[in-house]
There are 4 protein chains.
Amino acid sequence: MAGRQNEWRGIFPPLVTPLLDRDTLDVPGLERLVEHVLAGGVQGLFILGSTGEAPSLSYRLRHELIERVCRQVAGRAPVLVGVTDTAFVESVSLAARAEKAGAAAVVLASPYYFPAGQPELLEYIQHLAPELPLPVFLYNMPGYTKLFFEPDTVRGAAGLPNVAGLKDSSGNLGYFHRLQACLADRPDFALLVGPEELLVESVLLGGHGGVCGGANLCPRLYVDAYQAARKGDLPRARELHDRIMAISGSIYGVGRHSSSYLKGLKCALSLLGIAGDFMAEPFHHFRAPEREKVREALLRIGILG
Amino acid sequence: MAGRQNEWRGIFPPLVTPLLDRDTLDVPGLERLVEHVLAGGVQGLFILGSTGEAPSLSYRLRHELIERVCRQVAGRAPVLVGVTDTAFVESVSLAARAEKAGAAAVVLASPYYFPAGQPELLEYIQHLAPELPLPVFLYNMPGYTKLFFEPDTVRGAAGLPNVAGLKDSSGNLGYFHRLQACLADRPDFALLVGPEELLVESVLLGGHGGVCGGANLCPRLYVDAYQAARKGDLPRARELHDRIMAISGSIYGVGRHSSSYLKGLKCALSLLGIAGDFMAEPFHHFRAPEREKVREALLRIGILG
Amino acid sequence: MAGRQNEWRGIFPPLVTPLLDRDTLDVPGLERLVEHVLAGGVQGLFILGSTGEAPSLSYRLRHELIERVCRQVAGRAPVLVGVTDTAFVESVSLAARAEKAGAAAVVLASPYYFPAGQPELLEYIQHLAPELPLPVFLYNMPGYTKLFFEPDTVRGAAGLPNVAGLKDSSGNLGYFHRLQACLADRPDFALLVGPEELLVESVLLGGHGGVCGGANLCPRLYVDAYQAARKGDLPRARELHDRIMAISGSIYGVGRHSSSYLKGLKCALSLLGIAGDFMAEPFHHFRAPEREKVREALLRIGILG
Amino acid sequence: MAGRQNEWRGIFPPLVTPLLDRDTLDVPGLERLVEHVLAGGVQGLFILGSTGEAPSLSYRLRHELIERVCRQVAGRAPVLVGVTDTAFVESVSLAARAEKAGAAAVVLASPYYFPAGQPELLEYIQHLAPELPLPVFLYNMPGYTKLFFEPDTVRGAAGLPNVAGLKDSSGNLGYFHRLQACLADRPDFALLVGPEELLVESVLLGGHGGVCGGANLCPRLYVDAYQAARKGDLPRARELHDRIMAISGSIYGVGRHSSSYLKGLKCALSLLGIAGDFMAEPFHHFRAPEREKVREALLRIGILG
């Protein structure tokens with residue numbers, strides 16, 4: 001059930017959620033965005049992750065998003081759906097929606113209000129995974145959840161029949177390599193990296209791909225970087241890594257807060273005419289001065305012509 | 001609308017949520033618990049806080065709990081309802097349920113997935129409070145939310161017509177005193193302390209009461225401690241503080257994790273025959289060895305006869 | 001050897017270190033400061049703590065300071081000397097200097113570069129205390145050392161013959177009360193609180209005194225607050241607590257960084273003509289705009305006439 | 001003065017400090033260790049870093065170590081000396097010793113007791129670097145110092161004539177790549193990575209080398225891995241990376257604490273007969289059960305024959 005080997009290899013953009021206001025999808029924006037990333041050759045789409053502002057969205061809107069994206073994609077690529085929740089029952093409910101809509105997998109970070117210990121985290125996954133009717137990707141996001149998936153916990157969870165892989169957003173490749181080592185006998189278990197700044201090197205050393213926010217903007221760039229790294233074409237991989245760093249270093253660094261990544265990304269998509277930049281609370285979109293800086297960065301990098 | 005001065009003074013137990021399983025209320029247990037704490041002379045009840053495991057519960061169950069408790073209390077004391085959520089729209093929806101059920105106020109911690117800055121936190125409250133049809137208590141819980149309500153943010157929020165007070169669970173009384181100082185011209189603004197270990201001293205120095213978990217167990221003890229401190233009866237206040245510390249030092253310290261407080265409390269309530277000790281994921285109840293230690297502690301302290 | 005009971009009760013100002021430059025004591029300033037605090041009726045002096053910038057000072061200057069202060073005080077009050085160091089051997093060496101100069105006790109925080117576990121911390125104290133020829137105060141300063149003295153560790157260390165007490169600068173009175181409870185059979189073991197904002201309440205509930213930075217400035221205020229709290233004179237204790245909060249809320253909050261406390265304190269001493277405000281790297285004194293704010297605060301509070 | 005370009009490229013083992021007791025060097029062990037790493041073809045030696053337990057050692061012993069190592073190496077490779085200290089004056093003094101002994105450079109982390117802000121950190125370096133008579137490597141070690149060298153701070157410091165490079169032990173390659181980007185116009189500025197688990201990939205993407213603890217044990221392995229990565233020999237680089245991970249995953253993971261890396265390394269050197277495994281407080285060497293596990297790991301990996 002956890003999928004054919006090689007199914008979960010490549011670039012899976014964590015889709016931003018285009019909004020008109022805090023509880024209204026920007027439907028044309030969403031449609032343009034989905035086509036834009038699919039046209040870039042991505043391996044699949046991941047909706048309702050951190051980049052998708054999932055925790056800030058009403059359940060009603062999350063359901064609508066799941067249904068719209070699955071319907072539009074219509075099997076052209078697997079859709080992964082974030083079902084992370086502090087409430088077990090709500091994760092089950094989201095996963096049921098996802099399965100019914102035709103999603104290919106769900107993505108699950110740890111509960112993020114109460115700080116659980118590792119045995120509790122493993123038990124949580126052991127209880128929850130059997131209730132989820134799709135392959136499950138674990139999602140290590142300690143900066144937001146306050147909780148690391150320790151390698152032994154991942155090893156334990158990987159023994160469950162539908163746990164198919166892990167996305168690591170810790171930014172710590174030493175940890176990522178420890179995961180690779182302790183799952184060396186499980187080549188079917190997909191290890192994806194979150195921060196796009198680490199895509200190229202993780203794939204050069206055996207990682208299976210990335211969940212790169214910037215692929216909302218330039219999907220082809222990340223797909224090409226993945227391919228170059230996978231083939232071991234080092235000069236090309238380095239060149240594309242430098243382009244990725246140019247995006248990261250300019251567009252994501254405009255504001256002062258840790259939310260600058262997300263604000264910069266939505267702002268850039270809006271400047272490209274793909275989708276509006278409204279953000280759900282507790283965030284708000286960039287105001288004019290930051291927007292101007294993002295515009296200049298897009299021009300400088302050559303994304304805006 | 002933020003309530004008559006002196007309405008929000010005293011002990012407001014953060015009710016545990018008695019469960020039969022992860023999505024089923026222990027209704028008789030809940031009824032016994034509500035009567036038990038009301039009989040202890042508490043000033044009000046706070047449901048769906050951290051002690052109530054709110055983030056771990058389905059919305060359906062939260063709605064059921066709101067309705068049952070408000071119906072049972074039937075105006076005998078104000079009911080405060082936690083509406084903290086990562087999604088603005090869900091907080092509004094919970095508050096509407098609470099108001100309709102007859103609750104007296106809502107309690108709001110910061111969103112707890114994305115790390116907001118202070119200006120974003122203030123803006124969030126400024127957007128949200130007007131949508132909440134009841135008095136609002138802010139809830140400073142940085143250990144779980146990763147975000148402090150800085151004094152300037154509280155000062156700003158306190159200017160909103162329905163923001164009535166703040167519960168501080170930071171454990172840092174230096175911060176609490178800074179809040180008192182910067183709200184010295186607002187004697188109607190209630191400042192309650194979370195950790196019961198700090199109840200007596202905060203009230204001795206002008207605090208307005210406590211949201212004490214132990215009051216699920218021995219409501220009268222905390223009410224008496226509050227009264228003694230409020231009246232400046234120092235010998236009595238010290239004696240009751242020592243009893244509170246005896247509970248805290250034994251029952252809450254049995255396990256190894258930060259969840260020991262909650263597990264010990266539910267275990268003790270179960271040993272007293274008030275309500276079962278089932279816990280929603282990611283936690284589980286104490287097993288036999290820990291349960292035995294809690295039983296011994298209850299005997300030693302004289303709560304179990 | 002750990003001293004007569006009641007010797008370690010009261011206010012022990014953590015002396016700032018007056019400097020002319022990074023490696024030169026401001027000798028006249030130091031002499032004025034020592035007389036100023038002694039005249040205020042303090043129980044003893046604590047030199048080379050965090051407030052004394054000890055880790056930023058050369059060993060040569062630390063030795064000079066120990067000798068000058070002990071000579072000047074000349075038995076009028078006990079002198080406590082900070083010997084915290086990352087190197088065991090240097091702590092031993094500082095303590096030998098302190099003993100030779102006539103100091104009454106040494107103060108020891110945990111090593112602060114490598115993060116030790118609790119068993120390692122206890123073993124460290126068990127190795128080190130016998131090498132220290134004076135009574136030892138433990139110093140819980142997790143914000144700077146990254147390491148808490150867990151109650152069990154303190155309990156273990158308190159069994160050593162010359163470990164006489166603990167100064168807690170964690171700001172967490174719940175922890176302080178747990179220490180009180182687990183040392184209830186050791187009334188001779190002194191428990192002092194660091195943050196002056198917590199002095200009154202900790203003494204009201206059985207604490208033994210405070211190591212209050214503000215006592216450099218207004219020693220009498222803190223001595224009076226201690227006495228009022230110790231006698232249970234609640235109205236007076238509250239009034240003095242409010243004055244302490246007025247100092248804390250104005251003078252220590254002028255800058256943006258966590259070093260504002262220290263900068264504000266040195267700035268205020270300089271405005272009072274007691275000692276210069278030079279600070280050792282990595283800090284620097286307040287520039288003119290901050291200095292003006294501190295001056296206004298001193299005028300408003302009535303410290304500057 | 002900051003050295004010829006290409007001088008600071010390659011593997012610089014952070015030498016462990018062989019000890020007989022807390023204040024006595026294991027001189028024959030030290031001599032064997034120095035010859036062992038030099039024979040492995042390393043580019044230089046780094047003494048008195050975290051791996052060298054520098055903060056736990058007396059200044060006397062640090063001086064002895066500097067002199068012995070420089071005398072023994074006798075120009076066969078550059079010796080880098082850690083001069084990090086909480087006291088400015090002591091850093092200057094250590095650097096003077098290093099220069100006199102013939103060291104090639106000094107290494108400087110931020111002061112690690114008081115938490116400085118970034119402007120204070122930059123100013124600290126601006127004050128200190130001119131007092132240091134050798135090229136200076138910055139050392140980003142936030143896990144121990146609580147302070148990150150933000151890219152703008154590094155950029156500022158890199159403008160000083162003798163600041164020659166930076167060693168990053170944060171484990172965060174996203175940060176490392178941001179440094180590379182913001183110093184793209186300074187190809188002479190050396191960027192070295194601390195954690196050996198990240199050596200291969202950082203060099204594949206333009207990093208200049210590593211300060212790898214494991215090179216105490218198997219210097220040739222790390223030199224070969226560096227060379228393979230530098231030449232872009234990807235299959236060979238991957239193979240050597242896997243061997244590095246095998247060491248890291250077994251020898252450094254035996255104990256429970258963050259000090260396991262250091263304890264495992266010293267234990268392994270002792271099993272190889274190179275140097276004793278005594279550790280300065282607050283640490284102690286592995287006892288028999290952990291030692292046996294390290295022995296088994298060395299056999300399994302093929303380091304012990």
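Student: How many residue pairs are in polar contact between chain A and chain B?

Tutor: The model is predicted, and local features need pLDDT of at least 70, side-chain atom pairs count only at pLDDT 80 or more, and totals for chains, interfaces and linings use all residues. Residues are numbered from 1 along each chain as its sequence is written, chains are lettered from A and ligands numbered from 1 in the order in which they are written, and side-chain values use heavy atoms, with hydrogens and water left out.

Between chain A and chain B, 14 residue pairs are in polar contact, both residues being at pLDDT 80 or more. A polar contact is a pair of N or O atoms within 3.5 Å; within protein, one must be able to donate a hydrogen and the other to accept it, and residues adjacent in sequence count only if both atoms are side-chain atoms. On the chain A side that touches chain B, α3 (88–101), α4 (118–128), α5 (142–145) and α11 (260–271) of chain A each supply at least two residues. Of these elements, α4(A) gives the largest share, 4 residues. Helices (H or I, at least four residues) and strands (E, at least two) are DSSP runs, numbered from the N terminus. By class, this side of chain A comprises 19 nonpolar, 12 polar and 10 charged residues. Here Ala, Val, Leu, Ile, Met, Phe, Trp, Tyr, Cys and Pro count as nonpolar, Asp, Glu, Lys and Arg as charged, and the others, Gly among them, as polar.

The charged groups also pair across this interface, where 4 salt bridges are found. A salt bridge is a side-chain nitrogen of Lys or Arg within 4 Å of a carboxyl oxygen of Asp or Glu. One of them joins A:Glu123 to B:Arg287, with the closest N and O atoms 3.8 Å apart.

As to extent, chain A and chain B each bring 41 residues to the contact, contact meaning heavy atoms within 4.5 Å. Together chain A and chain B bury about 3800 Å², of which 63% lies on carbon and sulfur atoms. In chain A, the residues that lose the most area to chain B are A:Tyr113, A:Phe114 and A:Glu120, together 20% of what that side buries. Buried area is the accessible area (1.4 Å probe) that two parts lose on being put together, summed over both.

The same surface serves both copies, since 100% of the contact residues of chain A recur in chain B.

Chain A also meets chain D, with 19 residues from chain D and 18 residues from chain A in the contact. Chain D and chain A bury about 1600 Å² between them, 65% of it on carbon and sulfur atoms. D:Glu201, D:Leu204 and D:Leu205 lose the most area on the chain D side, together 30% of what that side buries. Across this interface there are 0 salt bridges, and 4 residue pairs are in polar contact. The elements of chain D giving two or more residues to this side are α7 (173–182), α8 (199–204) and α10 (234–251).
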